[in-house]
Amino acid sequence: MSKRTLPRILQTPSVLLLLVWMLVPLSMTLYFSFIRYVLNSSIRPEWTTPALSNWRGLGNYKYVLDAKDFWFAIQNSVLIVSSILIITVVLGLGIAVLINRNFPGRGIVRVLLISPFFVMPAVNAVLWINMILDPVLGLQGLAVDGLNSLIDGLRDFPILGWFFNLWPVLEPISFRATQTSAYAVIMMVAWQWTPFAVLIFMTSLQSEDESQKEAATLDGASPWSQFINLTVPHLARPIAIVVMIQSIFHLSLYAEIEIVSRGNGNKNLPYLIGEFTSNNIGAASATGIFAVILANIIAIFLLRMVGKTLMD
Amino acid sequence: MAGLTLRDVRKSYGATQVMHGVDLDIEDGEFVVFVGPSGCGKSTLLRMIAGLEEITSGSVCIGDTEVNQVAASKRGVAMVFQTYALYPHMTVYKNMAFGLKQAKTDPAEIDRRVKAAAEILQITDYLDRSPRNLSGGQRQRVAIGRAIVRDPEVFLFDEPLSNLDAALRVQTRLEIARLHERLETTMIYVTHDQVEAMTLADKIVVLRDGRVEQVGSPIELYERPRNAFVAQFIGSPKMNFFDADELTSEAAGVLGRAADANVQIGLRPEHMIPTATGAVVEGKLELVENLGEYALVHLITAKGTEFIAKTEKPPSQAKGEMIGFTIKPELAHAFDKTTGLRLVE
């Protein structure tokens, strides 16, 4: 036996397991995406069992491309992921810099800041949509009500009352509506994932060289200039990691979308797949292949970006 | 260019006072070295002058202006840090230009000053490189270049050589000395290494526990240390100290002074001459370190005090034998045993 054979033999089981783990679902999805396969059909009972005789070619793909929600779902996936990324990175940077100094109660503040990350996604969605964003019973409804009655009271004020008469009565926003449900999802997921960004940025900030900042102070750099010229480049790598990990997670958001509006006006690719799966497995598989393609396009951009910062 | 005046400068962290009132005058163009063991407050004092540490009380003046409340960047000082503190994401050129850019200097002027500084330090060839691709010595030059570009009134060096290897340290030390000769700017240099202090300084400030022990030229400190601490700190190997009862009966005659129990006699190893007759002090030979150029002879007195003599040749005696040493009377030092202060004859 040559020197390399034994290690290879020992590696084989795990490599095989990984291959099977990856290849079986992928090839089954590919297979299903090329045949007619539905869960329930009284007219064509033969379609309910997967078989090569039900071959449909690219029909499922054409069906999906023509489906009215497909492009909308892709657009929405990109909108949701990129908005969450921007919000979490910006907020995460700000909060991490704010709490990266000594103040009484710092330990408690840090634990509290990180706690949203430990809330389950479904619970998070229920809490936000019912307790905070609900236009009647949620904090939003209460706040709008309060503001309205405050302005109402001020209308009777002598001399200045006319000014408040110009103000319109505020309307609470319904976040379950077609146009707004995506924003609700962006808000709640950003709230949940900002702590993740804070956590990563905070550990990285602690390794920042203090004497560089002192040198910059002597060079006359303002705190803002130090942040832009020293801290942000120092954080390039953690930012890349946060962007990469979050993209992977947020491309597959499901629970929040289901709970906020059951996909009404707000769908992403996973949700669309979920809808097809209720009956049309063929179309669902074709959508799944599209999702793989989208994920790969994003991954190429991300790998380039992350790879570049990791090389530096 | 400007001199500095420090008046009763104190520093406390909460209830702990670390600088206990420092008074110091530094002339324009002088090279001053703060030296002392670690924790003596030399870096703190430097950082207070730079404006990186607040001054608890007292006053620091650069030129004629009190700078206690002046922002660090407006004090006209430039600092070279022990860790170099180069900006890792900028090229050498941008590192050096950063301060001027912050001050909104004209780009042509920035370019001229960076190139001029690079010329002085011979770093023109790697202006486009990033600090990560430079060796320790090159980084050190860039850090100095960044200070020169700002054309400061006072240069501050915080242990700039401690991260370099021995050979580079000697070379860079020479370059800093040359730089001072060329720029004629006031320089304040912090080190714990007395060799750097002796070779570079016009004036040495010896600090201990937040107090100035002695200020003077290197040779003054070597020849006339004000107390036993300075005597021991300046000079290598350290000065030997002997109690009166460890000296021989002939010592009083040789040294020209009768030592009593309250006096400590200090003899530098390099001044001790082995002798057969008329020895001031005797010791049992313990160990010889022969360095070729000279030998370090480690001995121990009958009372158990260890001491070192630096002799031209290793002694002919075998280990365990007694050797006597004498000294020229003008090279012997005497200190009060309780206060540590130098006794004037």
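Guide: In this predicted model, the side chains of Gln192(A) and Asn124(A) are joined by a polar contact of 3.1 Å. Gln192(A) sits in helix H8 of chain A, which covers residues 181–206. With a relative accessible area of 4%, Gln192(A) is buried, because the cut-off for that class is under 20%. Leaving aside residues up to four places away in sequence, Gln192(A) touches Pro116(A), Phe117(A), Val119(A), Met120(A), Pro121(A), Asn124(A) and Glu256(A).

On the side of chain A, Glu214(A), Leu218(A) and Asp219(A) supply 44% of the area that chain A buries against chain B, more than any other three residues. Asp219(A) also takes part in a salt bridge: its side chain meets that of Arg150(B) at 3.6 Å, N to O. Across the interface of chain A and chain B there are 2 salt bridges, and 9 residue pairs are in polar contact, both residues at pLDDT 80 or more.

Chain B has 345 residues, and buried residues make up 50% of them. Its secondary structure comes to 9 helices and 18 strands. Taken along the principal axes, the C-alpha atoms of chain B fill a box of roughly 75 × 45 × 35 Å. Of the contacts in chain B between residues at least 6 apart in sequence, 66% join residues at least 24 apart.

Chain B is divided into domain 1, residues 4–228, and domain 2, residues 238–336. The C-alpha centres of these two domains of chain B lie 39 Å apart. In the contact of the two domains, 6 residues of domain 1 of chain B meet 6 residues of domain 2 of chain B. The domains of chain B bury about 480 Å² between them, and 58% of this area is on carbon and sulfur atoms. Tyr222(B), Pro225(B) and Ala228(B) supply 86% of the area that domain 1 of chain B buries against domain 2 of chain B, more than any other three residues. The count of salt bridges between the domains of chain B is 0, while 2 residue pairs are in polar contact across their interface, both residues at pLDDT 80 or more. Helix H7 of chain B, residues 218–223, gives 3 residues to the side of domain 1 that touches domain 2, the largest share of that side. By class, this side of domain 1 of chain B has 4 nonpolar, 1 polar and 1 charged residues.

Some backbone details of chain B remain. The peptide bond from Ser236(B) to Pro237(B) is cis, with omega near 0°. Pro237(B) is placed in the loop between helix H8 (228–233) and strand E11 (240–243) of chain B. Tyr84(B), which is not glycine, has a positive phi, near 70°. For Ala85(B), also a residue other than glycine, phi is positive and near 50°. Tyr84(B) lies in the loop between strand E6 (77–80) and helix H2 (92–102) of chain B, and Ala85(B) is likewise placed in the loop between E6 and H2 of chain B. Tyr84(B) is buried, its relative accessible area being 8%. Ala85(B) is buried as well, with a relative accessible area of 1%.

Methods:
Residues numbered from 1 in each chain as written. Chains lettered and ligands numbered in written order. Heavy atoms only, no water. Domains from an automatic or database assignment. Contact = heavy atoms within 4.5 Å. Buried area = accessible area lost by both parts, 1.4 Å probe. Salt bridge = Lys/Arg side-chain N within 4 Å of Asp/Glu carboxyl O. Polar contact = N/O pair within 3.5 Å; in protein donor to acceptor, adjacent residues only side chain to side chain. Helix = DSSP H or I, 4+ residues; strand = E, 2+ residues; numbered from the N terminus. Nonpolar A, V, L, I, M, F, W, Y, C, P; charged D, E, K, R; others polar. Buried < 20%, exposed > 50% of the residue type's maximum accessible area, 1.4 Å probe, protein only.
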